[in-house]
Amino acid sequence: MADLKPGGPKVTYATLAAGQTPEFNAAYDDAAERVRKGFGKTHPLLIGGRDVAGRETFKDTSPSDTRVVLGQFTSGTREDARAAIASARRAYETVWRDLPWKERVAFIRKAATAIERRRFDISALLSMEVGKNRLEAMGDVQETADLMNYYCDQVEEHTGYEKPMQRLSEKEDNRDVLRPFGVWIIVSPFNFPMALAGGPSSGALLGGNTVVFKPATDTPMTGWELAQCYREAGLPDGVFNYLTGSGSTVGDELVTNPGVDGVLFTGSREVGFDIYRKFARDYPKPCIAEMGGKNPAIIMSSADLDAASDGVLKSAFGLQGQKCSACSRIYVHASVAKAFADRLIEKTRAISIGDPVLKENWLGPVINRKAWESYARFVEIGRRDGKILAGGEQLTKEPLHHGFFVRPTIIGGLPKDHALMREEMFLPITCLWEIDSLDEGLRLANDTPFGLTAGLFSRDQKEVRTFFDRIEAGVVYVNRRAGATTGAWPGINPFGGWKGSGSSGKASGGPYYVAQFMREQSRTLIVD
Ligand code: NAP
């Protein structure tokens, strides 16, 4: 496997340019060639440490060119889901639950090392499977390893979550211990198929639980790579099970099966809230649902407009607007509205679009035909009810005509209560409105069932304080050129949503994450 020398600059979402070195590009190009050679194979499920072939398979194709088949994957069944749950239960009861926490930490650190060792190959794969440009792809991979290590640090800091308590007499030994729940289901979305699978699964595993993992149907191959990294780390059989198949069958069985103790879902609000409502039936069980966003950026008259337009551009269009934290609403003060819009439009028109494997391209394709068609529908609505300020076109000419490419789009002139102000489009489309005051900006920004991320650009300290105090979102940034609403990093910007964006009030990559996968046991021992 190719490797970048230790000590090279770390690629995070906020420091993407740091990776744009000749060594990085050479290692990525080699990896892309290597990865392509492995395409076309049929991949089984992984249940109880065994490869399980299914009767039916589905094709995993590249959104850049649908003629490219990355692999064939097993269409798992409800029976497979039940078998995976049973195997996770066995592994929980026979090996994982009673393993000393230091050994669990050692396994997860090994998995993080395996990911870092394969990071160029997995990045190239992410470009081909999801359509991420090479630096966004590396960000996803590096984030996964960093999440795992950060969660290991957390367990070590809390010495395995066993805490001596006060005593009423010398004869007592009182302890508070966090204990696992049992079997956890991890369901991940297509847009961060490494970080949002590796992060949650490692959290659950560090908590002493075993895992059944279902990747999104658009990204089974990245999920397979994660499973291989856990294998390479030597995880005992059945501790991590990998199951492909559709959300409506395999997914539904996993989240309704009474033998499951906890669910961590990341994906749309529609699916997540439905799972949240139906998961716990006989008694309360933890269901962590990380869901969508409709993230606003507010630009006030004192803002540095160059930084603001850079920050909004990156957040609105990075990964083709398919980030839960994407900036899909811009509220700009009337006094600077034209100057800001001119800058943003100019920068948007300069974005290079094309095969994201090539280093010169920043914007890749959207994930699938359904997303591509939704783009046309939303643009039509924007044209009808407002004005297309930039973009607004599907790209159907050579060499892009076999993929799902579109132009990044800015819509202006919509009424402030328009449906596009509420709906998460999950596409490279952002809408711009003028406001007269911060009060108005905050009122509109908060007028949504979501509460994931938000950004402000202002040099006025009073406005900054008011924004922090009144904005209803779990992740907020002020004056961030590297991303107005996107680009959180483990241990630096904990990431979790309020309101309809998240169910737990705790953030991934934050200090309280691992504890969510455990329950408290108060232990009192009387010693004679
Ligand atoms: P999605 O359609 O909701 O799917 C997410 C996952 O749920 C997929 O693995 C899907 O499987 C599965 N699923 C679908 N129906 C299910 C069911 N009835 N029972 C169990 N599982 C089911 O979301 P997506 O399009 O992949 O991802 C985009 C969404 O994720 C956006 O809304 C975005 O904002 C959100 N997101 C949130 C965060 C966060 O941290 N808050 C991070 C990233 C993304 P199939 O693929 O087989 O349908």
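The ligand is surrounded by 29 residues, and the closest are Ser188, Thr217, Ser268, Met291 and Glu424; a residue counts as near a molecule if one of its heavy atoms lies within 4 Å of it. This is a predicted model, in which local features need pLDDT of at least 70 and side-chain atom pairs count only at pLDDT 80 or more, while totals for chains, interfaces and linings use all residues. Residues are numbered from 1 along each chain as its sequence is written, and side-chain values use heavy atoms, with hydrogens and water left out.

By class, the shell has 14 nonpolar, 11 polar and 4 charged residues. Here Ala, Val, Leu, Ile, Met, Phe, Trp, Tyr, Cys and Pro count as nonpolar, Asp, Glu, Lys and Arg as charged, and the others, Gly among them, as polar.

Where does the ligand lie relative to domain 1 and domain 2? Domain 1 (16-291 + 505-526) and domain 2 (295-489) both give residues to the shell, so the ligand lies between them. The domain bounds come from an automatic or database assignment.

Next, the elements. Helix 8 (247-256), strand 11 (262-266) and helix 9 (269-279) each supply at least two shell residues, with the largest share, 3 residues, coming from helix 8. Helices (H or I, at least four residues) and strands (E, at least two) are DSSP runs, numbered from the N terminus.

Now single atoms. A polar side-chain atom of Ser268 is 2.6 Å from a ligand oxygen atom. For Gly247, a backbone N or O atom lies 2.9 Å from an oxygen atom of the ligand. A polar contact is a pair of N or O atoms within 3.5 Å.

Note on methods. Polar contact = N/O pair within 3.5 Å; in protein donor to acceptor, adjacent residues only side chain to side chain.
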